[in-house]
Amino acid sequence: MQQLVQQDTSKKDTAKIKLKNNSDLDKKIEYKANDSVRFSKDRSIIYMYGNARVIYGDFELDADYIRYDQKNNVIFASGKIDPKTKRYVGRPIFKSGSEGSAVADSLYYNSATTRAKVFGVYSEQEGGFFSGGQSKKQVDNELHIRNMMYSTCNLPHPHFGLMISKGIATEKQIITGPVYMQIEDVPTPFVLPFAFFPKTNKRTSGIILPTPGEDASRGFFLQNAGYYLGLNDYWDAKLMGSIYTNGSYEATLTSNYIKRYKFNGNINLNYANTKNGIQGQENIGKNFRVGWTHSQNPNASPGSTFTASVNVSSSTYYTATAANTTYDQSAIATNTSTSSIAYSKVLAGGLFNFSTALSAQQTFSTRQIFLQLPQFNLNMSTISPFDSKNRSGEQKWYQKITVGYSLQGNNTISTADSVLFKPEGLRKLQTGFSHNIPIGMNFTLLKYLTFSLGGTYNEVWNFQSINKRYTTFTDGSYTSRIDTLSGFKRGGSYNLSTSMSTKVYGKTKEFKNLGNIQQLRHVMTPSVSFSYSPDFTDPSKGIFKEAIDQNGRFLINPSTGRPVTYSSLEGMAFPGSFSTEQASIGFTLDNTTELKVRSPKDTTGTGSRKIPIIQGLSFSGSYNLLATSKKLTPISFSGRSQFTDKLGINYNGTLNPYVLRDSTNNGVFVQNVEIDRYFWQDGKYFPRLTNFGFSFDYGFNADAVKKKNENYDKLKGQVEKQGITPLQSEQLNAINRDPNAFVDFNIPWNFAFQYRFDYTNNLGVSTITNTLNFNGDFNLTPKWKFTFNSGYDFKNKGLTPMNIAIYRDLHCWDMSVNWIPYGAYKSYSVTIKVKSSILQDLKLSKRQGFYNTYQ
C-alpha cells in the first residue's frame, strides 16, 4: 500500500521558517507499509505497520512502526518486540541527504523544521561507529549528543569505546565534554575533561602522542612523538622524535605526495644520536638515513618513465638504531644497500630507446661506496638496412642482414664513504663511453638446421688511463705501482662468429606395465659455434704496454718466456675486451625430458598429462684452437626439475677435463697440480667434478603460498593506485623477507622449508656447505595463531636465530607477541592495539630489546 500526502501549509506561520527555501513547503510525503495503514478519526494521524517506509525530500525512513502526525508535522518510528524470540526487531533505519544511513531504537522527526531526536543510535562515520545514548538534530544541522559511545568496533554493542557524556557534532568537527575509555562495559580511569575530533574528508594537522617504554640499553623512552601536517590533498608531512633517559635521541621527517593518474612517492629523513652501554663507557654515534621512492603512472606520459628508489644511510645506522626501533633482525643484519634514480624515453617512433640512471651501492661492513653519476644507454632496434618495406616474396640473402647499435656512458666513483666528498675521493671519478655494433644474418638450411653468421665491433672511449711502474728484486720477484693519467684514450676490438643449431626429438613406445606411466619423451637441442678474434694485446696497437722495471729492463714471464704486458685501460670505466688471438669452437647441448602419464581425474581413461622430469639440463664449453695449452675449457652444466607443484629442484656444476699430478717447482714438492692432460688419456671415464650445487624449496600447504602472493599483489595494487606510504613500503619489504609477514587466520596451518647444498673441490681440497631455512604457522584455536621462522647451521651444528610470534584476534583489537629467544638479536615485544587505522595510536606495547649485544 503506497500513498502520497500533500503537506498542509495553510496554518503554518511562515515567519518562523524564513530560513527555509519556499520550495520545501510544497514537498510531498510518500509512505507505504506491508501490513496495514490506518488513520485517526480526523485523519490527521497516519499509523503504518510492518516494514513501513516514509520519504520526505531527501529524508528516508524505514521501520516496523511509523506514526505521522500531519498537524504537528512530527514523524515517530520504532521497532517491536518479537513475540517468539523476545528480541527488539524492526529498528528504524534512516538517511538524510548525503549522510550515511543510521540505525536507532526510536526517533522523532519534524518534517517542517527538519529537527530530529534519536534514541539508541548506531551510525558509521568515516570508519568510526557511534552507538547508544541520545542525539538531537537542530535546524542548522548541528547534532547534540549525550551518553554516546564512539568506537572502531563495528558491533552494535562494541567491545570498547570512548564514552561521550555530552557533545556537539557539526559538519566538520565534534566538540565534547568529559570523555572516558570504556572496555567491555567497564569504565577505565583514562578520562579527558573535554575532547575535539576533526570530522572532515580533508587531511588535518594534529599532535602524535608518544609511545612510552623501556629499552635494555638506552633506558626508558618516549618514542615517535611529533606532529602531523596535512598540507593539502596532494602532500603531507610527519615530524616525529624519540628520547631516551641515557641521552640518546632520534628525529624523523616523513612526507608523502601523490598526483592521481600522474605519480606518487614518499620521502624519509632520519637522524639518530645514540649512546649505548654503561655510564662512562658509552658507545656514542651519530647516524643518518635518507629514503625516497617515486613511481610514475604508466599512462601519465606514454613512452617515458621516471622512477626513484633511494636508500642511503651511514654504515652503522641499522645496528645503532635497531632498524629504526623495529628490532627487525633481517634489517639489522643488512650488509648492503642500493639506490637508483632512473629515466627512460622512446625516441624516433620506437627506433631508439634512451635510459639514464644515477645509482649507488653501499657495503656497510667495509664502508665502501660505489656511485654511478650518471649512467646512460642509447639502444637502437635491430634493423635490416637492405630490406624493402614494399618487398614481395621471400627475402634475398642480403636482405636478411641485420644491424644494431648501442651506446653506453658511465661516470663511476668507488671509494670509502669517509672520503667520498673530499678531493682524494673525487679524484677517483672515472668517465667513459662504449660503442657496440652487432651485424648478423640468420637462415635455415635443409629445413632443420638453423645457421647464423655475423660479427661485433666494440669501441671504448675513456678519459683516464694507467701507467705501471715496476720494481724488481734480487730473487726475481717484482711489484708494481699504478699511476692514473688524465686524457682521452680509445681502443677498438672485433670478432667474427658463426653458429648452427637444431632439435632432435626422441620418444619411447608406450609402456604397458608401468602403471599410469605411458611414455617417455626426450628433446635435445645441440648447437655449435665458431668465433675468431685477432690479437689485440700487441703493444703496437696502443692499448697494451710492456712492463719495464726501475733499471729500464723489460720483464719476462718465466712460464711463457714472453714479455709481461698490461692494459692501459685496466680498471677504467670501460676497460674493453682485448684478448690474444683466439679461434674457438663453442658447443652447447640442452636437454628436456618429460613423462606422459594417465590423468586420475579423467573418468574416460583416455586423458593424460605431462610431468616434466628435466627442464633445461644444459652442458656448455669451448675449445680454443690457437691456445698453447689447455685448449678445452671446463664444462659447465645447469638444470632444473619440477616434479610437483610444490617441489622443484635447481642444480648446477662444473666438470674439469684435466687431471691432477704431484710435481716439483724449483725443487719444492707441490701436491695436486693441474696439468695439460685430459682425463681419458689416463684411462679415466669421467672428468673431475670441481663444484656442484642444488637447491629446492617445498611448501606443504599450497593454499598458504597462494594466499601470500594474493596479499602481496593486493597491497602492490593499492600502492600503484593510491601511492605508497611508509607502512606499505615496510609491508612490501616484510613479506619478501618473512613468509609469515601476513597473518591469515583462514589458513589453519603451513610449513615450508628451503635447502641448498654446495660442493667445491679446489685442487683436491673439497668443501661442503649446507643451508636450511624453515618457517611455518598453525592455528591453536580459530582466534590464536602461532608462527615460527628459523634454520639450521650445519657448520656450527645448531639452530640459527629463531623468531617466534603469537597472534590473537580480538575482533576490533589484536594482540601480538614476538620473541627471539637466543642469538645476538634476542628480544621480545608484546603489543595490544586497535585494528582500525583511525585509532592506530591506541595501543599498549611492552618491548625488551637486547640489541646492545651486537654493538
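Q: Is Leu 222 buried, partly exposed or exposed, and how is that decided?
A: A residue is called buried under 20% relative accessible area and exposed over 50%, with partly exposed in between. In this predicted model, Leu 222 has a relative accessible area of 39%, so this residue is partly exposed. Leu 222 belongs to strand β22, which covers residues 219-232.

Q: How many helices and strands does the protein chain have, and what share of its residues is buried?
A: The chain contains six helices and 53 strands. Of its 855 residues, 34% count as buried. The chain exposes about 50,200 Å², of which carbon and sulfur atoms supply 55%.

Q: Which residues are in contact with Ile 66, leaving aside its neighbours within four places in sequence?
A: The residues in contact with Ile 66 are Ile 46, Tyr 47, Met 48, Ala 52, Arg 53, Val 54, Leu 61, Ile 75, Phe 76 and Ala 77.

Q: How is a salt bridge read, and how many does the structure hold?
A: One looks for a side-chain nitrogen of Lys or Arg within 4 Å of a carboxyl oxygen of Asp or Glu. The structure holds 16 salt bridges. In one of them, Arg 553 pairs with Asp 549, with the closest N and O atoms 3.5 Å apart. Arg 553 is partly exposed at 49% relative accessible area, whereas Asp 549 is buried at 6%.

Q: Which parts of the chain does the salt bridge between Glu 674 and Arg 688 tie together?
A: The closest N and O atoms of Glu 674 and Arg 688 are 2.8 Å apart. Glu 674 lies in strand β44 (residues 668-678) and Arg 688 in strand β45 (residues 688-699), so the pair ties together parts 14 residues apart in sequence. Glu 674 is partly exposed, at 24% relative accessibility.

Q: Which residues are linked in a network of salt bridges?
A: The network links Arg 53, Glu 60 and Asp 62. Arg 53 is also in contact with Ile 66.

Q: Why is the pair of Phe 751 and Phe 788 called tilted?
A: An aromatic pair is classed by the angle between its ring planes: under 30 degrees is stacked, over 60 is edge-to-face, and the rest are tilted. The count of aromatic pairs comes to 42. For Phe 751 and Phe 788, the ring centres are 6.2 Å apart and the planes stand at 35°, so the pair is tilted. Phe 751 lies in strand β46 (residues 749-762) and Phe 788 in strand β48 (residues 784-793), so parts 37 residues apart in sequence are tied together. Phe 751 is partly exposed at 28% relative accessibility, while Phe 788 is buried at 16%.

Methods:
Residues numbered from 1 in each chain as written. Predicted model: local features only at pLDDT ≥ 70, side-chain atom pairs only at ≥ 80, totals over all residues. Heavy atoms only, no water. Helix = DSSP H or I, 4+ residues; strand = E, 2+ residues; numbered from the N terminus. Buried < 20%, exposed > 50% of the residue type's maximum accessible area, 1.4 Å probe, protein only. Areas by Shrake-Rupley, 256 points an atom, 1.4 Å probe, with all protein chains shown as cover. Contact = heavy atoms within 4.5 Å. Phe/Tyr/Trp six-rings, centres within 6.5 Å; stacked < 30°, edge-to-face > 60°.
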